[in-house]
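Subject: Structure handover

Hello,

Here is the structure for you to look through. Please open it first, then read my notes below.

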Amino acid sequence: MANFIDRRLNSKNKSTVNRQRFLRRYKNQIKKSVADAINQRGVTDIESGENIVIPKKDLSEPIFHQGEGGVRDKVHPGNDQFITGDRINKPPKQQGQGSGQGDASNSGEGEDDFTFSISKEEYLNLLFEDLELPNLEKNQLDKLIEYKTVRSGFCAEGVPANIDIVKSLQGSIARRIAMTSSKRKCLKECQQALEKLQQDKHDHVQEERELTVQINDLKKRIAKVPFIDTFDLRFRNFAKQAVPTSKAVMFCLMDVSGSMDQATKEMAKRFYILLYLFLSRTYKNIDVVYIRHHTQAKEVDEHEFFYSQETGGTIASSALELMDEIITERYNDSQWNIYGAQASDGDNWADDSPHCKSILINKILPKTRYFSYIEITQRAHQTLWQHYHNVSQTHANFAIRHIKEVADIYPVFRELFKKNTKNAA
Amino acid sequence: MVTKNTKTSEQTTALDDCADWTFELLGQYQTEIARVAEHYRLSTYTNQIEVITTEQMMDAYASIGMPIGYSHWTFGKKFIQTEQTYKRGQMGLAYEIVINSDPCISYLMEENTMPMQALVMAHACYGHNSFFKGNYLFKSWTDASSIIDYLLFSKNYIAQCEQKHGISEVEATLDACHALMNHGVDRYKRPQKISLDEELKRQEERAEYLQSQVNALWRTVPDMKKEKNIKQYLFPSEPQENILYFIEKNAPLLKSWQREIVRIVRKISQYFYPQKQTQVMNEGWACFWHYTILNHLYDEGLVTDKFMLEFLHSHTNVVAQPEYNSKFYSGINPYALGFNMFIDIRRICEHPTEEDKQYFPDIAGSNWLDTLHFAMENFKDESFISQYLSPKLIRDFKLFHIHDDAKDNFVEIGAIHNEQGYQQVRHKLANQYNLSNLEVNIQIIDANIDGDRALTLRYIPYHDIELGNSKTEVLKHLHYLWQFDVKIVQEQAGGEDKIIAQCPEPNIQK
């Protein structure tokens with residue numbers, strides 16, 4: 001009458017398709033939520049997914065339903081005090097509803113937000129949709145510096161530690177079969193002949209003796225074939241294969257002179273977060289180096305980078321020089337993918353700007369994958385911008401952008417890294 | 001299968017009542033439950049009992065209980081909602097889901113204890129299952145043997161459409177159909193059964209035929225102009241309540257694959273239509289039988305006291321009815337009402353009082369099993385309540401009726417559980433389950449096929465209740481399908497029609 005089926009082992013995530021449809025359908029709302037959420041994160045926090053909030057009314061599926069007004073009859077259980085004809089005044093709020101105008105269209109719906117979590121993967125995909133790392137293809141080939149040892153078949157020579165026993169014994173069996181086949185054939189014939197003679201009615205003493213000697217001789221010769229020979233040995237072979245490095249280092253350079261206020265730094269921080277998240281999609285290990293500068297540059301930790309205040313003038317080249325030193329010292333450009341991001345409000349000592357330009361062109365840009373400069377200011381551009389602008393004209397891996405307010409950051413980031421079909425061709 | 005209907009006394013060793021279930025144990029309980037069910041003449045489809053995990057149960061929730069569903073974002077949304085509320089502990093999952101199909105598929109949660117699994121088997125595999133097979137609504141509206149095939153067909157068909165015409169177009173069509181899903185049922189006409197073979201065979205043919213018919217609407221016939229003055233041609237000739245059916249057959253610009261999707265949604269809507277109308281009866285029937293069957297097993301000594309205590313704990317939770325002023329109150333619990341009504345019918349048959357004899361002369365003292373089967377087979381919620389709700393039950397539930405007129409600033413107690421009130425309480429409660437009072441009454445009255453093809457629908461209010469605010473949004477969906485102007489009119493006090501919603505919105509705003 002009944003069949004039992006254990007469905008527990010069936011594939012999970014049956015509704016994954018529907019989930020993807022849902023994310024696809026509400027992509028715009030979700031993307032907005034994702035872009036908002038970036039503000040709440042630390043620079044290197046990439047493990048967590050994100051909570052997405054969508055206004056519930058955007059999600060509602062309308063159907064015809066009964067609205068307000070009219071006469072309603074309801075039956076309820078648990079009468080403890082009423083008798084027929086009792087009148088109970090409605091609370092004033094309900095009265096207002098009764099005379100509601102037809103125009104108040106959406107106010108009747110619950111305005112709760114619909115909140116749900118997306119995974120880290122989904123989060124990053126949404127955040128960086130249509131973006132790609134610049135210059136990746138071009139540089140990759142001449143930077144194959146890390147090697148990985150991979151298996152590549154078998155060879156006849158090698159160290160004992162690499163002996164492959166199965167392969168070697170297969171060789172041994174094959175060799176023994178090959179070397180003894182004629183003798184075994186001969187032996188078989190002799191044994192058959194001997195048997196025949198023994199069954200014969202007449203005596204063949206002489207012949208039997210000869211055959212027995214022959215058989216013993218053959219057996220000895222078969223036994224003499226060695227069980228294993230150096231010829232049989234097979235060794236596992238290894239080869240070195242070049243792999244593109246998966247290490248990256250990201251240099252965050254920021255001006256912390258008196259003219260940079262906390263709000264400007266917050267904006268820069270968001271830009272760094274985006275860059276970090278973006279790099280983490282491609283690279284397994286990412287180091288972040290924070291360099292702050294006023295007239296002198298200093299390597300600091302994240303907290304100090306964003307939250308300590310310094311006063312004084314601004315010499316941007318000091319940071320660039322320090323970056324170059326650190327690269328030479330710790331981050332060999334043949335092993336690390338180097339990215340730089342500089343943020344400033346544009347203030348710089350006028351004589352220093354040409355110097356910045358030359359450091360960039362001669363020392364830093366040849367080693368880095370990509371260097372971006374963002375200027376966060378409401379004012380007109382100064383000398384630094386002009387010099388950098390010249391550099392960006394001639395160097396493909398250098399880009400500058402201007403940010404005026406918080407809302408610009410994400411669009412500017414997208415602009416910097418958007419898929420460039422022209423360059424790729 | 002030949003089984004003895006009553007166990008002889010020497011065989012009564014109790015079944016294992018440990019909390020952890022095994023498939024072997026499930027089988028033993030199932031055999032015993034089946035034996036007792038047969039004793040009570042419960043006729044069922046073959047049972048297919050599937051053990052599933054929590055996540056799979058949430059999947060089943062999201063796809064509104066369809067074992068195979070086409071892909072659509074709304075199911076994704078429902079899954080996320082279910083998952084959220086479940087994870088936050090705001091909602092427990094059902095112990096089972098049962099599907100009206102032949103064989104009847106029941107899902108049991110792996111987390112249930114053995115007594116729970118026994119309860120669920122008795123409830124779903126014999127209670128609901130026999131209801132699906134016996135009730136007249138299910139018999140005439142659904143075809144249990146072909147529903148799985150049809151769902152599979154629709155899933156594949158929609159997947160094909162997505163490949164051919166793109167996800168976005170299919171999604172828009174489905175969205176529009178979902179908005180009108182409740183208006184895809186012929187309420188007054190019994191539908192033909194869905195048969196997969198027939199569907200497949202005729203689908204191509206139908207697509208071509210329909211397209212040719214629709215083209216006919218477009219044909220310019222010179223004679224028309226002369227005739228127009230003579231006769232005001234009205235199409236459709238009678239108001240159409242099945243909006244999706246009308247769209248499928250008459251929408252001028254729909255592509256044939258879109259018509260097929262409209263049809264699929266319409267058929268699925270029809271499949272669920274009886275379930276909406278028999279919630280009280282269906283749950284009541286299932287609760288009555290899990291209660292009766294497991295008590296029968298207890299009387300035979302097959303289940304232990306420990307088993308019964310756990311079972312009764314769950315059972316009382318399910319059939320609890322909070323009172324109107326309780327913080328847990330959210331309307332009348334269909335499990336409680338249905339269960340108590342069936343128990344009460346049995347009481348009226350077995351131990352009728354004078355009052356019962358007066359109110360139910362035809363069933364008082366009759367064979368309870370015959371009466372119960374008759375009630376299950378021939379009623380839906382509305383008629384079931386107006387037929388069988390007894391004064392005793394009204395007193396037990398202390399039911400009272402509230403009359404609420406929006407024009408007044410008070411509500412009035414219309415009737416309570418006393419001699420004068422019984423009839424009215426029963427009548428009002430029955431009306432509360434009348435689907436045609438709950439769902440809005442909207443009919444297509446004119447398609448103006450000789451003019452601008454504007455589609456006119458009429459809203460006929462029930463008790464002066466206005467049409468809800470979402471009407472404009474729904475109309476956008478209808479406009480997507482019809483592709484010419486659509487509007488809803490409502491008759492005013494003076495007798496003339498007033499437009500209460502239209503799409504596209506007229507250019508001149510007030």
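Two residues are in contact if their C-beta atoms, placed from the backbone, lie within 7 Å. With that in mind, take chain B: among its contacts between residues at least 6 apart in sequence, 73% join residues at least 24 apart. For chain A, residues 24 or more positions apart account for 83% of the contacts with a separation of 6 or more. Please remember that this is a predicted model.

**The two chains**

Chain A has 15 helices and 13 strands. Of its 425 residues, 25% count as buried. Chain B comes to 21 helices and 9 strands. It has 510 residues, and 41% of them count as buried.

**Where the chains meet**

How many residues of chain B are in contact with chain A? The number is 78, and they touch 51 residues of chain A. Helix H3 of chain B, residues 73-87, gives the most to this side of chain B, with 8 residues. By class, the side of chain B that touches chain A divides into 34 nonpolar, 29 polar and 15 charged residues.

Strands also pair across the two chains. Strand S3 of chain A (residues 71-76) pairs with strand S4 of chain B (residues 400-405). The sense is antiparallel, over 6 bridges. Look for Val75(A): it stands opposite His401(B) in S4(B).

Is Phe79(B) buried or exposed? Phe79(B) has 25 C-beta neighbours inside 10 Å, so it counts as buried. The cut-off for buried is 20 or more. Leaving out residues up to four places away in sequence, Phe79(B) touches residues of both chains. From chain A these are Ser15(A), Asn18(A) and Arg19(A). From chain B they are Met58(B), Asp59(B) and Ala62(B). Asp59(B) is 20 residues from Phe79(B) in sequence, yet the two lie 6.4 Å apart in space, C-alpha to C-alpha.

**A sheet in chain A**

Chain A holds an open sheet of 6 strands. The order is S10-S9-S8-S11-S12-S13, and the pairing is mixed. Which strands form the edges? They are S10 (297-300) and S13 (398-403) of chain A, each pairing on one side only. Neighbouring strands of this sheet are turned by 20 degrees against each other on average, direction ignored.

Strand S9 of chain A (residues 285-293) runs antiparallel to S10(A), and 4 bridges join them. Tyr290(A) stands opposite Val300(A) in S10(A).

Helix H13 of chain A (residues 383-394) lies across S11 (337-344), S12 (370-376) and S13 of chain A. H13(A) runs at about 140 degrees to S13(A). Helix H14 of chain A (residues 409-417) packs on the sheet and touches S12 and S13 of chain A. The direction of H14(A) makes about 160 degrees with that of S13(A).

**A helix pair in chain B**

Last, find H10(B), residues 243-250, and H11(B), residues 256-277. Their axes come within 9 Å and cross at roughly 160 degrees. Angles over 145 degrees count as roughly antiparallel, and H10(B) and H11(B) are therefore roughly antiparallel to each other. The crossing is left-handed. H10(B) makes the contact with Leu244(B), Tyr245(B), Ile247(B) and Glu248(B). H11(B) makes it with Arg259(B), Val262(B), Arg263(B), Val265(B) and Arg266(B). By class, this contact has 5 nonpolar, no polar and 4 charged residues.

Best wishes

Definitions and conventions. Residues numbered from 1 in each chain as written. Chains lettered and ligands numbered in written order. Predicted model: local features only at pLDDT ≥ 70, side-chain atom pairs only at ≥ 80, totals over all residues. Axes fitted to C-alpha atoms, helices over the stretch in contact; angles between N-to-C directions. Parallel < 35°, antiparallel > 145°, perpendicular 65-115°, else oblique. Left-handed = near helix turned anticlockwise from the far one by under 90°. Nonpolar A, V, L, I, M, F, W, Y, C, P; charged D, E, K, R; others polar. Pairing = 2+ DSSP bridges. Buried ≥ 20, exposed ≤ 12 C-beta atoms within 10 Å, placed from the backbone.
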